[in-house]
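Work through the exercises below with the model open beside you. Try each task before reading its solution.

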Amino acid sequence: MGSIPVSLHVVLMKGCNLLDNRLEKILPLVQKPARYIGGELNSAVKDKNSVDIRYAFCFPDSYEIGMSHLGIKILYSIANDRPDTWCERVFAPWPDMEEKMREEGIPLYALESGDPIKDFDFIGFTLQYEMCYTNVLNMLDLAGLPVRSADRKSLSPIVMGGGPCVCNPEPMADFFDLFSLGEGEEVNSEIMDLYKIHKAKGSSKDEFLREAAKIPGVYVPSLYDITYNGDGTVKEVKPKDGAPEKVVKRVISDLDKVSYPKSFVVPFIDVVHDRVTHEIFRGCIRGCRFCQAGFIYRPIREKQPDTINEQCKELIKNTGYDEISLCSLSSSDYTRIEELLTKLLEWTPKENVNIALPSLRIDNFPEELMQKLLSVRRSGLTFAPEAGTQRMRDVINKNITEDEILSTSRTAFAGGYSAVKLYFMIGLPTETDEDVEGIGILAKKVVDEFYACPDRPKGRGVTVGASASSFVPKPFTPFQWEPQATPDELKAKQEHLKATVPSKKISLAFHDIPTSFLEGVLARGDRRLADAIELAWRRGCRFDSWGELFKFDVWQQVFAELNIDPAFYANRRRSFDEVLPWDHIDFGVTKSFLMREAKKAYEAKTTPHCRIQCAGCGSNKLNGGKCECLK
Amino acid sequence: MFEVRLWLSKQGRIKYVSHLDMFRLMQRAVRRAEIPLWYTEGFNPHPYISFLLALSLGTEGLREPVDIRIVDDMTPEEIKNRLNGAMPEGLKIEAVTTPVYKPAAIAFGSYRVYYGGVTESELFDALTCGELTCEKSGKKGNKKIVKTVNVSEHIKSFEIRAEDGKTVLDVVLPAGSVFNLNPQQLTCAVSARLGRDITAQRVIRLGLLTDENKPFE
């Protein structure tokens, strides 16, 4: 019998940060258990007895996706800056974990405390894309709560939603108590302040919600009655109990004054975007007509280079990350990009920190600056011409010419690149076979550009990846009235492109058609879709955005059983005078502006970007009439 | 350039962070601690950090060696304090030393396992039966193969006792770059022998040993 020669001078840890026994039993059995343990660096740990408000910030997708999202980091830090509040993170457990949790009777818990979220004051979801809706229901159910707002009678938890999808929250209206429209930095705190008063008074949920509806930017769906016409369209949306006719989204007036996180929670496992992310401005000047983000985040507001630089320094110090990603809808439209990069490049190389600049437009980026960036690290080269012909690009107002695409490719090839990715869409309004063929032709011209370039990388061939996604019309865009191309039409377009692509150097990629179709249904849906979402979830649908888990056949059965025609939502042309399900929601851009843009699209007329000429979108009213483009 | 050996303890829920993720975690911790790390040269410079022996997912460790290289001399005390100020919960630098042995000198791991569902005598009988076997997957060339290993031959030494209703096993098993046997495999073998599943509720690697049964330093 041998002895153990290693001295046991290290004290074995007991209790403190060990997990619940039931969790210890299941964690060794699931994939990537570090997603479910909490305890990451910089996570907020507080004493639950010293706070008034417990807030569960839920991201209805996997940990890897949710931990990559900037909005959650911002709102998490602002909520935790309040001494009276403890905000914790919750993500959707992957199906293997869900199964084990249900077997063991472990309810959905928050990562920081491990406490069940059922007893929290707020459960907040961010709705980033439509395909996460079934996950919201699943998370509420895993928490042990009824999924419908009407069945949750007590004041707490208040289930609230935010994010871009709440510009048309109607399909999810029955599941939420309230929605917070627009930017959440200020309004979330106002909601919490009001809640504290009502909790102390012992108010009912209805009493609280009626008062909450008076806060600008707060939409309480139960305070609106919807009636429908015989043809299925919305007849009227009627507010009650003093709720406003229109709920206007909130914006932050001055980005330099609003709080930005001083540290990020640093995940243990590799997540999608694992780095310091810094938002350099909000809004977009471009007005590409297919792009919802380009309209719903208006008006334009920029952050000062000094503010960004100082905040980046602090974040790098507190996280140990070695990359900064400057994020916005179109980085090179930031008016002070050169000044900012110069400041950042003063200290980042010697600290071995890279700078990533996604969403660069190719038409206005100085070459010298490009060289500077590349000297730190070379990333992939991706262009988004979005459409194959100039006519089509004019329709969608993507103000980019073929010459610009080709000349930038030429520069890139001469600089050593041999792979280019091109992003396109198919199924755009007015699209013809010729426009679809144009995708292959344009990609071929990029290939030819490579072989015509005397300084191209020697001994290597070129690869041009052309990805064609299916266009999904979205609310608050000039195409919100358009029919989405039907699945059959999209299939034919994909086949046509495959058949006409002129070079083997081009690799084509497409989006899954059923996914785009369901996205189209949910994006412009109304409250009657709640039954379908609930039934699909009860039949096992979740993680619908994950190809391997998407069960389109179940969705189809559900629509048929409930007598809902999904094509009514996805593939129907709306008239300009139809009452849209989201007409009582105001995201700044006016309906008349969107109509003007739609009509110009049919004429293939472009609209110059906001710094050349104001197009009168109306979003400046959100910021007291101010717009930084109007200087 | 200076070689420095860190002795890391990993306890509690952080045991679910994998070997691969630990590398990235340490990289960030040394950056936060502003340790003057030596970076590899070349196209994609990265700091030199080496975990000498992987710890299985779910196993805690009390004294895990991690080698780093620094460019400026810094006292062990300073390195330890800086790093401990930058570590996430559950990780602690217990000591900082100059390496004595080369990594290849690691020959054994000493483990403590807390078992449920097995008595002291059942466990003793199983470990001394002489024909305890488990299946171990490995590679032969590019092919994946499953080998049957006689565990009994490889148990260097062990001790069993009871504590708070649990059966506690201290055991020394082969570890290192040549041949490894971990407590999970031992547990499988015992389960197979007994014809029922026993559970290792907590597994801790106490330390590493050399060929001559001396502490790896």
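## Exercise 1: two domains

Task. Find how far apart the C-alpha centres of domain 1 of chain B and domain 2 of chain B lie, then describe their contact.

Solution. The C-alpha centres of domain 1 and domain 2 of chain B lie 28 Å apart. Domain 1 covers 2–99 and domain 2 covers 105–210 of chain B; such bounds come from an automatic or database domain assignment. Next, take the contact, where two residues count if their C-beta atoms, placed from the backbone, lie within 7 Å. Eleven residues of domain 1 of chain B touch eleven residues of domain 2 of chain B. On the domain 1 side, five are nonpolar, four polar and two charged. Here Ala, Val, Leu, Ile, Met, Phe, Trp, Tyr, Cys and Pro count as nonpolar, Asp, Glu, Lys and Arg as charged, and the others, Gly among them, as polar.

Check the confidence last. This is a predicted model: local features need pLDDT of at least 70, side-chain atom pairs count only at pLDDT 80 or more, and totals for chains, interfaces and linings use all residues. Residues are numbered from 1 along each chain as its sequence is written, with chains lettered from A and ligands numbered from 1 in the order in which they are written. Chain B has a mean pLDDT (the predictor's confidence in each residue, from 0 to 100) of 91, and 100% of its residues reach 70 or more. For the complex, the predictor gives an ipTM of 0.88 and a pTM of 0.93.

## Exercise 2: an open sheet

Task. Give the strand order of the open sheet of four strands in chain A.

Solution. The order is E15-E16-E17-E18 (chain A), with parallel pairing. Strands are DSSP runs of E, at least two residues, and helices runs of H or I, at least four, numbered from the N terminus; two strands pair if DSSP finds at least two bridges between them. Strand E15 (382–386) and strand E18 (506–510) of chain A are the edges, each pairing on one side only. From one strand to the next, the twist averages 20°.

Now go inside the sheet. Strand E16 (residues 419–426) and strand E17 (residues 463–470) of chain A pair over eight bridges, in the parallel sense. Leu422(A) stands opposite Ala466(A) of E17(A).

H15 (residues 487–500) of chain A lies across E16, E17 and E18 of chain A. Helix H15(A) runs at about 145° to E16(A). Axes are lines fitted to C-alpha atoms, for helices over the stretch in contact, and angles run from 0 to 180 degrees between N-to-C directions.
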